[in-house]
Amino acid sequence: MSHHLVEADSVHYAYPDGTKSLQGVSFRITHGESVALVGENGAGKSTVLLHLSGCLFAAQGQIRIGEYPVCAANINAVRRSVGMVFQNSDDQLFMPTVFDDVAFGLLNMGLGKEVVEAKAAAALETVGAAHLRQRPPYRLSQGEKRAVAIAAVLAMSPDVLVLDEPSASLDPAARRRLIELLKSFQHTKIIATHDLDMALDLCSRTIVLHKGQVIADGRTEQLFQDEELLQRSCLEKPLRLQGCPVCGK
Amino acid sequence: MSTIVSKYFDIGYMESLAQGTSALHQRDARALVLTTFIFIVTVVSLDKYSVSALMPFFFYPMSLMVWGGLPVGYVLSKAAAVSVVALMVGIFNPLLDRQVFVWVGPLGISGGWMSYISVLLRFLLTVTAVLSMVAIAGFAVFCQALRTLGVPKPFVVQLMFLYRYVFVLTEDALRIERARKARSFQPGAMRYSTYIPLLGHLLLRTFDRAERIYRAMRCRGFDGKFRRLQRSRCTGADVLFVVGWAAFFLAARAYNIPAQLGHLIMGTKG
């Protein structure tokens with residue numbers, strides 16, 4: 001991918017039951033940016049991510065990943081560029097061992113045995129899960145599962161990392177480790193989350209979705225100070241920005 | 001339902017058995033599949049009244065369990081869980097075939113009872129052999145071996161999905177059951193009025209989850225073909241394993257070894 005650009009141009013999407021999930025969503029994310037997608041439940045965050053990874057296709061408008069429009073014809077190229085970490089790691093991990101799971105995508109890419117082994121081992125090392133390689137995924141803790149799910153995506157060397165609620169159901173220590181891990185990646189990152197403190201730590205830019213529309217797009221710290229915007233999106237100011245409960249400073 | 005999960009669908013534990021390091025775990029999965037296939041064909045092809053002739057065949061599943069370091073009780077309990085099928089298959093044999101087949105002292109045993117016992121023994125042999133083989137090879141490797149042995153791809157992929165979704169179904173069933181129990185204050189069986197919506201809900205949730213899993217697989221390039229790192233190659237030891245066991249099965253098929261031994265010990269003619 002030449003510029004690692006992620007672009008949504010007036011994207012509309014309705015689920016088969018008629019629920020209008022996206023209504024003219026537009027944004028442009030450039031190489032190396034870390035962007036948080038925030039909004040109330042049902043705002044369309046996960047639907048945007050599913051469009052970026054080619055799981056769903058826009059009914060109107062267009063999504064582009066680099067030079068590729070996201071459509072059935074380009075799906076393989078899109079999926080090589082975009083690595084998606086799903087909200088529930090159990091949905092993502094299904095092979096008998098952690099190592100097999102990390103190797104799954106690499107083998108599907110048609111890589112040779114030596115390359116697959118090296119890349120899978122390196123990805124597990126990066127997320128600090130090398131010691132788990134022979135363990136069955138269903139026996140891991142939530143934090144370990146999340147790390148392995150990230151390794152499985154990271155091993156495929158995507159240009160863009162897309163994460164859906166990565167800190168959900170993690171204990172504080174595992175959450176902190178995840179934040180430090182994600183901070184260390186140079187990829188373009190798009191993170192859908194309700195965890196605004198994590199968004200503040202990781203993302204310089206935030207896009208706020210409300211009822212399938214982008215209602216704000218700007219610097220994270222600036223947007224999270226806007227109480228009216230947060231209230232409208234059913235969000236709460238991050239703890240770090242709330243100040244002292246007594247004096248308010 | 002939690003009983004079902006823990007007792008009958010503890011396949012996850014079975015998968016962990018495949019991580020063993022015994023000599024049998026080093027065998028190529030195709031060798032195990034092929035040997036077990038020959039075993040099943042030989043066992044099934046024996047005469048319908050065969051009972052003593054089946055005895056030497058127990059050596060194969062027992063060898064897999066013992067040399068593969070498998071917990072014998074676990075494998076037998078899995079076999080027992082599905083034994084109701086075999087019990088039902090031959091249940092009318094004693095009624096339909098009442099002619100005395102063999103005398104044990106003054107007790108005449110009819111052909112029906114002999115064939116029923118034979119069905120149960122064959123079931124026990126084949127199911128324990130298959131379970132042991134899958135426990136040693138691991139299900140994914142077993143499916144891969146089936147594919148390389150020429151089993152059609154749609155069948156193998158269906159097997160893999162069935163295996164994956166058994167976990168999904170049981171996990172969801174477990175959660176629903178816990179939620180029901182947490183709000184149930186009377187012990188005893190569930191009422192139908194609770195049971196039916198609960199099952200419906202389980203089905204819908206499973207569909208939903210299956211969809212998400214499929215999406216996650218597609219995102220990592222899944223195209224209907226399961227690829228795995230080849231762990232082992234077929235070696236001389238694998239060929240020897242297949243040939244050795246096949247020779248034993250054919251010998252046990254051709255000669256009723258327990259009967260021959262009996263005649264030898266008793267000094268009678270076979």
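Which residue in β8(A) is the bridge partner of A:Leu163? The legends below take up this question along with other close-up views.

This is a predicted model, in which local features need pLDDT of at least 70, side-chain atom pairs count only at pLDDT 80 or more, and totals for chains, interfaces and linings use all residues. Residues are numbered from 1 along each chain as its sequence is written, chains are lettered from A and ligands numbered from 1 in the order in which they are written, and side-chain values use heavy atoms, with hydrogens and water left out.

**View 1. Strand β7 of chain A beside β8(A).** The bridge partner of A:Leu163 in β8(A) is A:Ile191. From β7(A) the chain passes through helix α7 (residues 172-184) of chain A to β8(A) in a right-handed β-α-β crossover (with the strands pointing away from the viewer, the path from the first strand over the helix to the second runs clockwise). Strand β7 (residues 160-164) of chain A and β8(A) run parallel and are joined by 5 bridges; helices (H or I, at least four residues) and strands (E, at least two) are DSSP runs, numbered from the N terminus.

**View 2. Strand β3 of chain A beside β8(A).** Strand β3 (residues 34-39) of chain A also runs parallel to β8(A), joined to it by 4 bridges, and A:Ser34 stands opposite A:Lys189.

**View 3. The two faces of β8(A).** Because 5 of the 5 residues of strand β8 (residues 188-192) of chain A are buried, this strand is largely enclosed by the rest of the structure (buried means under 20% relative accessible area, exposed over 50%, partly exposed in between, with a 1.4 Å probe and protein chains only). A:Thr188, A:Ile190 and A:Ala192 point one way, whereas A:Lys189 and A:Ile191 point the other way.

Technical notes:
Pairing = 2+ DSSP bridges.
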